[in-house]
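Trainee: I have a new structure to look at. Can you walk me through a few spots?
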Amino acid sequence: MEQRTLGSQGLVVSQLGLGCMGMSDFYGATDEQESTATIRRALDLGVTLLDTADMYGPFTNEQLVGRAIAGRRDEVVLATKFGNERRPDGSWVGVNGRPDYVHQAIDASLMRLGVDHVDLCYQHRVDTAIPVEETWGAMGELVEAGKARYLGISEAAPATIRRAHATHPMSAVQSEYSLFSRDPEDEVLGAVRELGIGFVAYSPLGRGFLSGAITSPGQLAEDDTRRSSPRFSGDNFAKNLAVVERVQALARAKGVTSAQLALAWVLAQGHDIVPIPGTKRRSYLEENVAALEIDLSDEDLASIEEVAPKGVAVGARYPEPQMVRVNV
C-alpha cells in the first residue's frame, strides 16, 4: 500500500482510507458484525486511515470503530470530528465551535473510542458565531495535551482555512470530492496546496451513485438520507444516472467497475489527495482497494473528462438547509 503525506507536520496515511459513517447512520440498515469485519479487513489490506465522527450514530460509530481496532491501535491512523452537535436521540442541536465544547467533545470521543489520543482531529463544520481562531486555539491545546496529534477542518472556505492554519498548523482539509462534486477545484485545492495542507476526499463515489449499484431511488431504504438529496430526487436522478451509465461504459472498456474508475480518477488528481470511500461491506472494500492498481493514461483522463466534465451532476450536494453549513 502506497503512503501519502498530508500536510507538513508529518502525518502519513495509506493512499486510500475508509469512511466509517455508513456503518452506523444515514445510509439505511446496519450490521455491526459485518462492519467490524470490514474495518479489520481494511487493516489487513494496509488501509490505515479510518474516518469517524462523534455525530455518526450519534456516538455509536466511534464506539464501533473503537471495538474493531482494539488490540490493533498501532496499525491505525484514527481520525474523528467534532462540531456537528446532536442529542443522543439523534436530533440536531447545531454547529458548535466553542472552545469549552472542543475540550468536552474530544474527551468524550476518546472515551468512546477507547484510546488516549486520536491521530487527526477535525472541526467538522465551521461555527459562524465563533471566530475560527478561538476554536483552533482550543484545538491547539488538544495537541499540546497529547489528545490529538494533527488537526484538520471539513467543508471550510479558503479564507477560513487560512485563518485556522495561521492559528495552529493544519494537516488536512476534508471536503466532498468526486466526478460528481468538483467544487474544491475552484479555490480550495489551490489554497491548501499553497499552504502545504493535505486534502481528504469524502464521498469519492458520489455517495454511491458512481458505483452504478443505485438505479432507482426506490432502492434506498426509508431511513436513508440520500432520499432527501437533490441529486437523488425527481428528474435529477435520471439525469445523473445517465452520466453514471456513460462512466460505466468507459469502465467496461477498461475492464474495471465504474466505482474503481471513479476512485482511480480521484487518486490521479494529486499525491496530496487521499480519498476515503465509505462502505460497510468487505466485498465493496476489496473492490475499492483494487482500484489502486488502475493506471489512468492521459487518454483515459480525457475520456472521463468528456463524459463527466466539471459540473455534470444535477442538483445540490445536500438539501438547502444543510448547504448553508458548507464552504464557510
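Trainee: What is Glu-176 in contact with, leaving aside its neighbours within four places in sequence?
Mentor: Glu-155, Ser-181, Pro-184, Tyr-202, Ser-203, Arg-207, Arg-231, Arg-317 and Tyr-318; contact means heavy atoms within 4.5 Å. This is a predicted model, where local features need pLDDT of at least 70, side-chain atom pairs count only at pLDDT 80 or more, and totals for chains, interfaces and linings use all residues. Residues are numbered from 1 along each chain as its sequence is written, and side-chain values use heavy atoms, with hydrogens and water left out.

Trainee: Is Glu-176 buried or exposed?
Mentor: Glu-176 is buried, at 2% relative accessible area. Buried means under 20%, exposed over 50%, and partly exposed in between, using a 1.4 Å probe and protein chains only.

Trainee: Which side chain has a polar contact of 2.6 Å with that of Glu-176?
Mentor: The side chain of Arg-207. A polar contact is a pair of N or O atoms within 3.5 Å; within protein, one must be able to donate a hydrogen and the other to accept it, and residues adjacent in sequence count only if both atoms are side-chain atoms.

Trainee: You listed Ser-203 as a contact of Glu-176. What is phi there?
Mentor: Phi of Ser-203 is near 50 degrees, a positive value in a residue other than glycine. Ser-203 is also buried, at 14%.

Trainee: New topic. Which residues does a cis peptide bond join?
Mentor: Gly-57 and Pro-58, with omega about -5 degrees.
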